[in-house]
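Let's take a friendly tour of a protein, stopping at a few places along the way. Have a look at the sequence and the structure before reading on.

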Amino acid sequence: MTKVPATRFEIEAQNGEARAGVLTTRRGRIETPVFMPVGTAGTVKGIRFEELESLDLDARIILGNTYHLWLRPGIEVIKAAGGLHRFIGWDRALLTDSGGFQVWSLGALRKISEEGTEFRSHLDGSLQFLSPEVSMEVQAALGSDIVMVFDECAPGEASHEETERSMNLTARWAQRSKTAFDLLQGNGADTGRLEAHGLSSRQALFGIVQGASHLDLRRISLEQTVNIGFDGYAIGGLSVGEKKPVMFEVIEEIAPQMPKDAPRYLMGVGTPEDLVEAVARGVDMFDCVLPTRNGRTGQAFTARGKLNVKNARWANDSRPLDESCRCSVCRRHSRAYLRHLYIAGEMLASILLTHHNLAFFLDTMRGVRQSIRSGDFPKFRREFTEGLIANGE
Ligand SMILES: [Zn+2]
């Protein structure tokens with residue numbers, strides 16, 4: 001008996017290792033490579049859902065954070081609302097992380113055991129416990145379309161021994177995640193079920209490859225993860241303090257060895273140039289807080305590098321943030337006006353910069369996809385990098 005899949009993934013064009021394809025979820029088609037805006041607490045900060053759906057941005061999938069939503073408003077509130085899609089008013093696809101990374105980031109506030117992670121809530125200091133089983137239960141209650149396994153992340157500079165111990169724990173947690181996940185799918189705990197043609201209507205579950213910067217451990221972790229078997233595979237534990245060449249060495253070694261017929265997701269990375277470089281090494285999916293977070297601190301991403309909107313040199317500059325950007329902010333507003341809003345502490349500064357930054361990330365990925373399909377990705381990559389370096393501003 002063939003099992004009906006939760007998602008379908010088809011590669012339609014390839015340039016070297018770079019792949020262009022379509023990931024079909026129960027909530028729509030997602031062209032890959034794709035950038036997923038991060039909606040930490042049930043909101044992509046600083047932008048309305050209508051804008052995310054607009055042709056300017058057209059985000060097909062966004063992230064939700066299990067850790068944050070679990071602590072506040074809590075799963076009872078979200079369950080009562082009928083799941084995260086209904087609670088926030090978003091019909092397109094949602095991916096939720098497992099909470100593992102957030103809990104890991106708490107540092108001294110957490111205690112890891114075989115069973116799971118005990119930690120103090122950053123909100124009220126209360127003692128909490130997160131495990132593969134709890135994470136799967138929360139993600140089922142959220143009803144996201146793609147669920148991530150509960151993993152442990154080793155620090156970027158972790159020793160071989162320390163990383164190996166952590167990686168093996170991640171493998172055991174991955175198996176426990178899958179067992180708990182299957183049980184929850186069977187008993188109807190998933191609030192996001194949706195009939196979609198040719199798909200199973202259940203959530204998809206992605207495994208995570210760990211192993212820090214140790215390539216031998218990365219290879220073992222990949223094997224352990226593939227042996228358990230998931231709908232997609234992620235590379236975790238990068239962009240956590242290791243140097244950039246180290247990060248790319250890991251991606252270059254691991255991504256091409258990941259199953260060819262499943263989506264490959266690089267978690268928490270990165271700048272526009274990181275995205276293009278990781279696509280060149282075979283990655284299909286990305287998420288990062290950079291466009292939204294930097295938008296709130298006055299930094300714009302442009303085809304000619306980063307632009308600090310606070311800079312006095314823009315005081316009388318009538319040009320848009322990015323002269324090659326077609327987003328609604330660049331069509332309407334000048335650097336001088338955006339600088340004024342930022343200096344005056346107006347909330348519109350954050351809103352407009354966030355909009356442009358997301359448009360820039362999503363448009364870059366649109367360009368990446370088109371160039372792979374037309375066989376021009378090497379040229380796109382070269383010109384994109386040259387544009388960023390040119391930075392004549
Ligand atoms: Zn723009």
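## A buried arginine

In which strand is Arg-264 found? The answer is strand β13, which covers residues 264–266. Keep in mind as you look around that this is a predicted model.

Arg-264 is buried, yet this residue has no salt bridge. The nearest side chain of opposite charge belongs to Glu-17, 4.6 Å away. A salt bridge needs a side-chain nitrogen of Lys or Arg within 4 Å of a carboxyl oxygen of Asp or Glu. Arg-264 does have a polar neighbour, though: a polar atom of its side chain lies 3.2 Å from the backbone oxygen of Met-258.

Asp-216 lies in helix α8, which runs over residues 215–228. Is Asp-216 buried, partly exposed or exposed? Asp-216 counts as partly exposed because its relative accessibility is 32%.

## A nonpolar patch

Which helix provides the largest share of the nonpolar patch? That is helix α14 (residues 347–373), with 3 residues.

Leu-348 has its place in helix α14. With a relative accessibility of 31%, Leu-348 counts as partly exposed.

Note on methods:
Residues numbered from 1 in each chain as written. Predicted model: local features only at pLDDT ≥ 70, side-chain atom pairs only at ≥ 80, totals over all residues. Heavy atoms only, no water. Helix = DSSP H or I, 4+ residues; strand = E, 2+ residues; numbered from the N terminus. Buried < 20%, exposed > 50% of the residue type's maximum accessible area, 1.4 Å probe, protein only. Lys, Arg positive; Asp, Glu negative; His and termini not counted. Polar contact = N/O pair within 3.5 Å; in protein donor to acceptor, adjacent residues only side chain to side chain.
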